[in-house]
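User: I have a structure open and want to go through it piece by piece. Can you take my questions as they come?

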Amino acid sequence: MNLIFINRFASALILFSILALSYPSRLRADNIKGNKSWSEFYLNLSENYVNTNLDSALYWGLKAEASLKSEKSDSIKIAVYLNNGEVYSALGNADTSFEYFLMARRLNDSLREKDLEDRALKLQEANIILRIGTLKFRVHDYTASLKHYEEALKILEDLYAEKSEANLAARKAAAYNNIAGIYLQQGDFDTALIYYKNALEANEVNKNVLYESSISNNIGICYLEKKDYDLADHYFLKSLAIRKNDGDKRGQAQCLNSLGKNQIMQGRFNASLSYFEQALALGKEIRHAESMLISLESLSNLNDTLGRHKQAFQALKEFKQLSDSVFSADSKIEMAKLESDYSVEKERKMAQLEEERNKAIEDRKEIRNYTILGGLFFLLLTAILLLFLMRGKVRNSKLEQEKLKLESEKLELERITLQENLEFKNRELTSKALFLMKNNELISSIAEKLIEAKSAFKLENQKIIQEIIHELRASQDAHVWDEFETHFTQVHSDFYKKLQDQFPNLSANEKKLCAFLRLNLSTKEISAITYQSINSITVARSRLRKKMNLEGEDTQLVNFLMQI
């Protein structure tokens, strides 16, 4: 049975709850300008629409940004950049969203240079890093996402050790919730539940019902994956009730999608259909791309299961149109480039500040030395001689230290460049695999349509149609595959050698399967690339585990190959 929630969209359910904690509302009912600046007034209006109308949220957010020329408060400027970044993220524009987050981070960095110990600026830094981590999660870069979440959590825990406060506790709850989302996406449900428990404990300081709702929904997803459907329903319905009471339409759509999946797992297809249709209606109302993607893909698969092929085709058509318009395949690459530019810029600025500090220290030393020389006038000749000797040694020592420092920095930059090249090649390698998948899917689709239409042709034309089908199925792009394999060998030069040393009895197809699994491709994606059925790939994976003497779930096989 072709059911729903394949890996890349199951993560979106978790993402909604991460966003709910990463983006607390600052305004509930008071829209009166009062003594606020125009930037803050427009910002408040934008924040009010984030969960109900993204077009309005974007309109007021851009108005707030346009008003920043006359804005004196740097904290308001940072808040506007973060707000606009969140709105663009919700609309599916990851690149623009990331640029706004970096604008906020650069401004916060410049403020921290003046006072490195300012608690409010440290807290803001953690907040910005959390937003960036969530955006990385949104484009399925889970490794980078987890790295940012852990970095933010370290800052928050250091601050919490100094002084406990409500705003800090809220951020800790968000960090724990977000880290749990990573483990939930990776299938480690027990670890995810531990982090959700920590998030609930942190939320006890503020007793924020919206945070509780978001965390409850995520706990429900954990129990759903653990096949405890009744307990999952309990948490989903609890979360839905809170979000209805608050008027959070984006959160409601998330809960309805979760409930729909839970009903499918229990075979209650009609109830599931109702939940997904309600979720889709809310997603369209607020124009939230990811919510609509989940609902549309779910409805397509569910209608197909129920034999409602016309409705299934319509939902699939809308899904394809929408999925092509959000989060392009180049988003990760562009974001990585922007982040790399930011890191280089920050290091250069820190080096410049350090140089200025050293120069100031040297200037003070020279003044002190001249003062001492003036006081020791009668020992002038002896003092000058000793001074030159000492300064010569100091200069030589400093030159040697600077030389070592420059060499160390050069080696570090080379290491970073190599690491970035490796990551880029991995992304390029995955792109080539996806190109093979799309090429084979297209060939398969055309062949299937010709098979279905074959009987409608005249008898003398059926042979020609059959030849076309054979040619299509034989037209695998060997050049693209050879190029892919060459790139794979360049990126992972020792992989095949280590594989051969440990498992000399593997066939060529099994080695090819190992390469795809090393890239963390799903069974469905491997099936499309190799032109084999999903069942054949599943059997091949099982046979491969036996040859490697591995026991347990498929994820153990993937993790094992990742270590080779």
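User: Where does Asn-440 sit?
Analyst: Asn-440 is in helix H17, which covers residues 380-454. This is a predicted model.

User: Buried or exposed?
Analyst: Asn-440 counts as buried because its relative accessibility is 2%, and the cut-off for buried is under 20%.

User: How far is the C-alpha of Asn-440 from that of Thr-530?
Analyst: The two C-alpha atoms are separated by 7.9 Å. Along the chain, Asn-440 and Thr-530 are 90 residues apart.

User: What is Asn-108 in contact with, leaving aside its neighbours in sequence?
Analyst: Beyond four places in sequence, Asn-108 has contacts with Ile-78, Leu-121, Gln-124, Glu-125 and Ile-128.

User: Switching to aromatics. How many aromatic pairs are there in the whole structure?
Analyst: The search finds 14 aromatic pairs. One of them is Tyr-88 with Tyr-100: the ring centres are 5.7 Å apart and the planes are at 15 degrees, so the pair is stacked.

User: Why does that count as stacked?
Analyst: The planes of Tyr-88 and Tyr-100 are at 15 degrees, and planes under 30 degrees apart count as stacked.

User: Which parts does the pair tie together?
Analyst: Tyr-88 lies in helix H4 (residues 74-90) and Tyr-100 in helix H5, so the pair links parts that are 12 residues apart in sequence. Tyr-88 is buried at 16% relative accessibility, and Tyr-100 is buried at 9%.

User: Which residues do ring pairs link into a cluster?
Analyst: Trp-38, Phe-41, Tyr-42, Tyr-59 and Trp-60 are linked into a cluster by ring pairs.

User: Now the largest nonpolar core. Which residues touch the most other members?
Analyst: Leu-184, Tyr-196 and Ile-219 do, in a core of 43 residues. The elements that give two or more residues to this core include helix H6 (119-138), helix H10 (209-225) and helix H13 (269-286).

User: Which helix gives the most to this core?
Analyst: H8 gives the most, with nine residues. There is also a second, separate core of 34 residues, and Ala-64, Ile-78, Ala-94 and Ala-104 are among its members. Ile-78 is also one of the contacts of Asn-108.

User: How many disulfides did the search find?
Analyst: The search of the whole structure finds zero disulfides. As for individual cysteines, Cys-222 is buried at 0% relative accessibility, and Cys-255 is also buried, at 0%.

User: Overall picture, then. How many helices and strands?
Analyst: The protein has 24 helices and zero strands. Of its 564 residues, 43% are buried. The protein exposes about 30,200 Å², with carbon and sulfur atoms supplying 54% of that.

User: Among contacts between residues at least 6 apart, what share joins residues at least 24 apart?
Analyst: That share is 65%.

User: Last thing, confidence. What is the average pLDDT?
Analyst: The average pLDDT is 81, and 84% of the residues score at least 70.

User: Where does pLDDT stay under 50?
Analyst: Residues 1-10 are one such stretch, where the model has 34 contacts beyond four places in sequence. Residues 23-32 also stay under 50, with 24 such contacts in the model.

Definitions and conventions
Residues are numbered from 1 along each chain as its sequence is written. This is a predicted model: local features need pLDDT of at least 70, side-chain atom pairs count only at pLDDT 80 or more; totals for chains, interfaces and linings use all residues. Side-chain values use heavy atoms; hydrogens and water are left out. pLDDT is the predictor's confidence in each residue, from 0 to 100. Contact means heavy atoms within 4.5 Å. Rings of Phe, Tyr and Trp (its six-membered ring) pair if their centres lie within 6.5 Å; planes under 30 degrees apart count as stacked, over 60 as edge-to-face and the rest as tilted. Helices (H or I, at least four residues) and strands (E, at least two) are DSSP runs, numbered from the N terminus. Buried means under 20% relative accessible area, exposed over 50%, partly exposed in between (1.4 Å probe, protein chains only). A nonpolar core is a set of buried Ala, Val, Leu, Ile, Met, Phe, Trp, Tyr and Cys residues joined through side-chain atoms within 4.5 Å. Accessible areas come from the Shrake-Rupley method with a 1.4 Å probe; for residues, only the protein chains shown count as cover. A disulfide is a pair of cysteine sulfur atoms within 2.5 Å.
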